[in-house]
Amino acid sequence: MAHHRSPAGAIDELPEVINRRIIGRLECGRTQLEVSDELGIAQSVISRLWQHFQDDGNVRRRYSTGRPRVTMPNEDRYLAVTAKRNRRSTASDLSRQLSSATGTTISKQTVYRRLEQIGLYARRPVRYVPLTATHCRLRLAWSREHALWTPQQWACVLFSDESRFSLQFDSRRTFIWRAPGTRYHQENTIEQNRYGGAGVVVLGGIIWVPELTCMFKLEP
């Protein structure tokens, strides 16, 4: 009786009971060619099933989950390199650049997922105030002058802080791509900008005692 041979790529289409028969015969010393002729299954399928059994120790069918991956490994590397070269690129920018370079179109969410898989996340850069040599000298002198102050002396000082809220549409709150633990690396910092246009400044302060007897204000 003629056997119908399964196609070469049909390893996942074989019933589990057939897989067990194949493995059982091979473990008994039968050759792959003999099992192929007996069961009418292509030898290449039997070879892959035997390799799968040796690697994983089971003969269960392998199911794929989720949607197929839309990017290839070389395209993922392209996204990573492009994001590191220009850390202020948005997900939309990276998507357009990938489409222009490879012809593959992906969504912003896919860009986020691919970069997160290699440890790059969209975060706000650390802003810093550029200090001149004079700034550093004056601050060091002030610190040394007050290094030995007692808690009673510091209790008379008002500690203040302020926050600015821009009323313009663009407050220049940009994001960069960076890895965890690299927040203060030079490439992940940005010089403090002085925003123009309308805005609201909220000033707050805290003091250790109700009575305010003195206040220091340090200016660069």
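Visitor: What lies 2.6 Å from a polar atom of the side chain of Ser95?

Guide: The backbone oxygen of Ile106 does. The model is predicted, so local features need pLDDT of at least 70 and side-chain atom pairs pLDDT 80 or more, while totals for chains, interfaces and linings use all residues. Residues are numbered from 1 along each chain as its sequence is written, and side-chain values use heavy atoms, without hydrogens and water.

Visitor: What makes the Ser95–Ile106 pair a polar contact?

Guide: A polar contact is a pair of N or O atoms within 3.5 Å; within protein, one must be able to donate a hydrogen and the other to accept it, and residues adjacent in sequence count only if both atoms are side-chain atoms. The distance between Ser95 and Ile106 is 2.6 Å, so the pair is within the cut-off.

Visitor: Where is Ser95, and is Ser95 buried or exposed?

Guide: Ser95 is part of helix H5, helices being DSSP runs of H or I of at least four residues and strands runs of E of at least two, both numbered from the N terminus. Its relative accessible area is 11%. Buried means under 20%, exposed over 50%, and partly exposed in between, with a 1.4 Å probe and protein chains only. Ser95 is therefore buried. Leaving aside neighbours within four places in sequence, Ser95 is in contact (heavy atoms within 4.5 Å) with Ile106 and Val111.

Visitor: Which side chains have polar contacts with Thr110?

Guide: Ser107 is joined to Thr110 at 3.1 Å, and Arg113 is also joined to Thr110 at 3.1 Å. Thr110 belongs to helix H6 (residues 108–117). With a relative accessible area of 6%, Thr110 is buried.

Visitor: How do you know whether Glu75 is buried or exposed?

Guide: Glu75 has 7% relative accessibility, so it counts as buried. Glu75 sits in helix H4 (residues 73–85). Apart from neighbours within four places in sequence, Glu75 is in contact with Val70, Leu98, Thr102 and Thr104. Its C-alpha atom is 9.9 Å from that of Ser99, 24 residues away along the chain.

Visitor: Why is the pair Arg25 and Glu38 called a salt bridge?

Guide: Side chains of opposite charge can pair when their charged atoms come close. The rule asks for a side-chain nitrogen of Lys or Arg within 4 Å of a carboxyl oxygen of Asp or Glu. The closest N and O atoms of Arg25 and Glu38 are 3.1 Å apart, so the pair qualifies. Arg25 is in helix H1 (residues 16–27) and Glu38 in helix H2 (residues 32–39), so the bridge ties together parts 13 residues apart in sequence. Arg25, at 24% relative accessible area, is partly exposed, and so is Glu38 at 31%.

Visitor: What makes Phe159, Ile206 and Trp208 a nonpolar patch?

Guide: Phe159, partly exposed at 37%, passes the area condition. Phe159 is found in strand S3 (residues 159–166).

Visitor: How many helices and strands does the protein have, and what share of its residues is buried?

Guide: There are eight helices and six strands, in the order α-α-α-α-α-α-β-β-α-α-β-β-β-β from the N terminus. Buried residues are 24% of the 220 residues. The accessible surface is about 15900 Å², with 53% belonging to carbon and sulfur atoms. Of the contacts between residues at least 6 apart in sequence, 75% join residues at least 24 apart.

Definitions and conventions: Accessible areas come from the Shrake-Rupley method with a 1.4 Å probe; for residues, only the protein chains shown count as cover.
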